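Hi,

Here is the structure I promised to pass on.

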Amino acid sequence: MTPRGGFILGGVNIAPGTRRTVDLPVSVLSDHTPVTMSAHVIHGRRAGPVVFVSAGVHGDEVIGVEIVRRLLSLPALDGLRGTLIAIPIVNAFGFLNLSRYLPDRRDLNRSFPGSAEGSMAARLAHLLMQEVILRADLGIDLHSAAVHRTNLPQVRVAPGKPELMRLAEVFAAPVILPSALREGSLRQVADGQGVGMLLYEAGEGLRFDETAVRAGVSGILRVLHDRAMIPARGVPRARRAPLVCRNSRWLRAPQGGLLRTFRSEGDVVDAGDLLAIVSDPFGEVDAPIIAPEAGIIVGRAVLPVVNEGNAVFHLAAIASTAHAEDRIDTWTAEVEAERLFDEDEIL
């Protein structure tokens with residue numbers, strides 16, 4: 001049998017059966033401080049797929065960083081087949097500045113595939129593309145809502161991709177949303193190279209959400225197990241199928257003022273349900289926000305001050321509301337009942 005070769009990333013050779021953090025040079029700041037994109041590579045003794053898990057493409061989406069941190073602590077990865085590349089912070093510039101963007105105000109997730117001689121965002125996108133995306137068979141990109149918004153844990157997949165839909169069901173977040181590929185996004189360029197992508201959205205910018213973190217770790221483990229990269233031991237079983245939503249829309253504030261919300265993320269609503277009221281500061285004018293159709297709230301604003309036109313509720317359409325609420329409640333109870341991913345007691 002031909003011995004398995006090492007995995008080379010950034011000129012570093014990771015031998016089979018070992019793991020290593022590799023610092024990929026990105027730039028040097030104006031004060032001569034070097035900036036790197038650090039990737040942790042686990043290269044299994046036995047052959048298998050190459051999967052990458054990325055977080056922090058937007059620097060304020062810190063929940064994905066915590067998911068990767070916990071994932072890398074799990075003993076289930078010790079006997080990994082294939083290769084796992086984990087990048088907890090892709091956009092170190094934004095992360096250090098608690099900002100979604102890079103210092104040049106560009107959105108990294110609209111800058112792919114990038115170029116070696118382009119803007120700061122283009123160079124970082126090019127580095128991720130060349131060193132990671134083109135080496136992988138599958139990617140899982142971790143995101144959260146922006147600052148002052150929160151998302152119900154959900155997986156977004158490109159429409160018309162049956163295998164990705166199956167993997168999204170394996171991941172077992174409570175909701176799956178078809179989501180068109182945006183120009184310049186990581187998902188778009190990966191798809192163009194034949195690399196399937198799952199996008200996990202959960203929680204709020206610059207905040208941790210324990211349920212969303214646990215759901216993210218569990219979902220990644222399920223996908224790795226499905227790819228025959230890790231054994232079943234320590235992988236939480238999904239007992240409820242996700243809700244597959246046809247489409248979604250944002251409901252916006254009809255006027256500026258103070259927002260009083262009566263429904264939250266994960267709530268199943270019917271057409272005509274009162275979701276919130278926007279009142280002027282004097283209490284003279286109340287403007288209701290009504291659900292235009294049945295669906296599930298997959299995201300919402302958390303800031304109680306809104307301007308006219310602000311996005312307030314992200315409502316996803318579902319085929320039937322008959323048992324949807326029970327499924328969401330069951331999912332939440334199962335995640336919260338799982339053992340804590342602590343350093344001293346890990347699944």
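Below is what turned up, going from the whole chain to one helix and then to a pocket.

Keep in mind that this is a predicted model. The chain contains 7 helices and 19 strands. Its C-alpha atoms fill a box of roughly 75 × 50 × 40 Å along the principal axes.

Now pick out helix 3, residues 120–131. Its 12 residues, at 1.5 Å a residue, should span 16 Å, and the end C-alpha atoms are 17 Å apart, so the two agree. Which of its residues are buried? They are Ala 121, Ala 122, Leu 124, Ala 125, Leu 127, Leu 128 and Met 129. Among the elements covering them are strand 3 (18–28), strand 4 (34–43), strand 6 (81–87) and helix 5 (186–192).

Last, the largest pocket, with a volume of about 650 Å³. It is lined by 24 residues, and Arg 110, Arg 156, Ser 179, Arg 182 and Glu 201 are the closest to its centre. The lining splits into 7 nonpolar, 9 polar and 8 charged residues. Strands 8 (149–157), 9 (175–178), 10 (196–204) and 12 (248–252) each supply at least two lining residues, and strand 8 gives the largest share, 3 residues.

Cheers

Notes. Residues numbered from 1 in each chain as written. Predicted model: local features only at pLDDT ≥ 70, side-chain atom pairs only at ≥ 80, totals over all residues. Heavy atoms only, no water. Helix = DSSP H or I, 4+ residues; strand = E, 2+ residues; numbered from the N terminus. Expected span 1.5 Å × (residues − 1). Buried < 20%, exposed > 50% of the residue type's maximum accessible area, 1.4 Å probe, protein only. Contact = heavy atoms within 4.5 Å. 1 Å grid on protein atoms, 1.4 Å probe; cavity = no way out; pocket = protein on both sides within 12 Å on 5 of 7 lines; lining within 4 Å. Points joined across faces, edges and corners; volume = space filled by probe spheres on them. Nonpolar A, V, L, I, M, F, W, Y, C, P; charged D, E, K, R; others polar.
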